[in-house]
Amino acid sequence: MITNLIILLLVGSLVGAASGYLGSFMVVKRMSLVGDALSHVALPGMAIAMMLSVSPMLGAFTALTIAIVGIWYLAEHSEIYPEALVGVFFTASLAIGLLITPEPELFEALFGNIETITISDGIAILVASVLIFVLTRIISKRLLLGIVSEDLAKAGSVNTSKINLIYLFLVGLVVALGVKFVGTLLTGALVIIPAVTAKNIAKSIKWFQIYSIIFGVLSVVMGILISRLISIPSGPSIVLVSIFFFLGSYFVKIAK
Amino acid sequence: MATDILTVSNLSIDFDGHEVIDDLNLDVVRDSTVAVIGPNGSGKTVFFKALLGLIDYAGQVNWHKEAKIGYVPQKLSVSKDLPLTVMEFLELKEKDHHKITEVLRLVGFKNKAEHIHHDVRVLKTRLGSLSGGELQRIMMAYALLGDPNVLLLDEPTAGVDISGEETFYELFAKLKKDKDLTIIFISHDLEVVNKYADKIIKLTHDH
């Protein structure tokens, strides 16, 4: 277990930064709800991992990868975005997850528990965060062009289908990283809320991404500190801090 | 001897269950200008999408191996919400700011040439906040940034005011004079079509 608060905050910052960065694309791709619903899929994966005594994070990531290939396939093969279907599928997996997760671990799986983060979790988070930043940076121009116009991207010989799959895979990875900090119910929030907050105040894509990363880091760091200070679970604490920032940015936006 | 930059043979396109294009054959000579005309719904845009390989079709579309295509889509709708500035959009294709400034002048930001450097209003504006005409010019600039030798223009002057429209076609004429450039454009304006096109393709409903 990582007991050193400073190291815990550093690992948490990595998760916050990676979530914020990826979230900035999710929000402008108009996939916010998918990002949120996606996190629920992590629960059955974690439950099965616990039964098999392997890392819950690995279980969450496996379940998320399966779900992501499903979303990607549907998005590629239908004209309209299958939002309703996605909603049904994810709620179903949450229900199944609730049934099969062992009772003592359920609360922890749903809302996160930073007391259980191990050194190897920390190392996995470090490696995965670096991977997320590097890969996202590599595909970011093509991803953005696809957001402006799918036709323009394809005409510029961008394989939008492949880029979208890589992107969704990274989202699955970041959601899996977040489960120990904020739990499966709230990890989608960590991807979406800092990005929406940043969008309220950013004037360019560059600052949108920078603000999004900053709000992601601040939410996790302040959330962990508050949860320690007044002994509440870390998940709700982190999410409420991020919502506090969101409200602030909203007032800045309407005041302009 | 003039070479063909594009050869289309037996092209048929099914779109939403009905045949939009039926057995179309076409050769486009390098450095020529081709206009595509026809009523709404006759498949002009769909035809372009097939040329670009964006949709499925039957038959052959063969571009010359040296073809470098710049595409200006028809009225793009960009969300006002997207915090992407004009500069950032153009940077998706070109890092060199001098080249960006150069094409912006070409597409008619000419009168404000100094402003591109000093008063960077256009460059800092969100892509989604531009007027229809401005967006069309920016899309034109985007297409030109890749230094193409083929331009596919889907109603390039839709939403552009009349003086801007002239600038556009003058620009095409000027570009063609300076370099090898094949232009294929969709237009409703017969005056423009007759003035600039070497060849006219008319798409119809009746098949």
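**Exercise 1. In which sense do E5(B) and E6(B) pair, and over how many bridges?**

Solution. Start with the pair itself. In this predicted model, E5(B) and E6(B) run in the parallel sense, joined over 4 bridges. Take one residue as a check. B:Gly70 has B:Leu151 as its bridge partner in E6(B).

Next, widen the view to the sheet. It is an open sheet of 5 strands, ordered E5-E6-E7-E3-E8 in chain B, with parallel pairing. Its edge strands are E5 (69–72) and E8 (199–202) of chain B, each pairing on one side only. From one strand to the next, the twist averages 15°.

**Exercise 2. Find the strand order of the sheet in chain B whose pairing is antiparallel, and say which strands stand at its edges.**

Solution. First, the order. Here 3 strands of chain B make an open sheet, E2-E1-E4, with antiparallel pairing. Second, the edges. E2 and E4 of chain B each have a single partner strand, so one side of each has no neighbour in the sheet. Third, the twist: the average is 15° from one strand to the next.

Now look at one pairing. E1(B) and E4(B) pair over 5 bridges in the antiparallel sense. B:Leu6 stands opposite B:Trp63 in E4(B).

**Exercise 3. At what angle do the axes of H3(B) and H6(B) cross, and which residues make the contact?**

Solution. Begin with the axes. H3 (residues 97–109) and H6 (residues 132–145) of chain B have axes that come within 9 Å and cross at roughly 130°. That angle is why H3(B) counts as oblique to H6(B). The crossing is right-handed.

Next, the residues. H3(B) brings B:Lys99, B:Val103, B:Leu104, B:Leu106, B:Val107 and B:Gly108. H6(B) brings B:Arg137, B:Met140, B:Ala141, B:Leu144 and B:Leu145. Between them, the contact residues divide into 8 nonpolar, 1 polar and 2 charged.

H6(B) lies across E5 and E6 of chain B, running at about 170° to E5(B).

**Exercise 4. How many residues does each chain give to the contact of chain A with chain B? Describe the side that belongs to chain A.**

Solution. Count first. Chain A gives 18 residues and chain B gives 15 residues. Then assign elements. On the side of chain A that touches chain B, H7 (119–148), H8 (150–155) and H11 (205–229) of chain A each supply at least two residues. The largest share, 5 residues, comes from H7(A). Finally, classify. This side of chain A holds 10 nonpolar, 2 polar and 6 charged residues.

How values were computed. Residues numbered from 1 in each chain as written. Chains lettered and ligands numbered in written order. Predicted model: local features only at pLDDT ≥ 70, side-chain atom pairs only at ≥ 80, totals over all residues. Contact = placed C-beta atoms within 7 Å. Nonpolar A, V, L, I, M, F, W, Y, C, P; charged D, E, K, R; others polar. Axes fitted to C-alpha atoms, helices over the stretch in contact; angles between N-to-C directions. Parallel < 35°, antiparallel > 145°, perpendicular 65-115°, else oblique. Left-handed = near helix turned anticlockwise from the far one by under 90°. Pairing = 2+ DSSP bridges.
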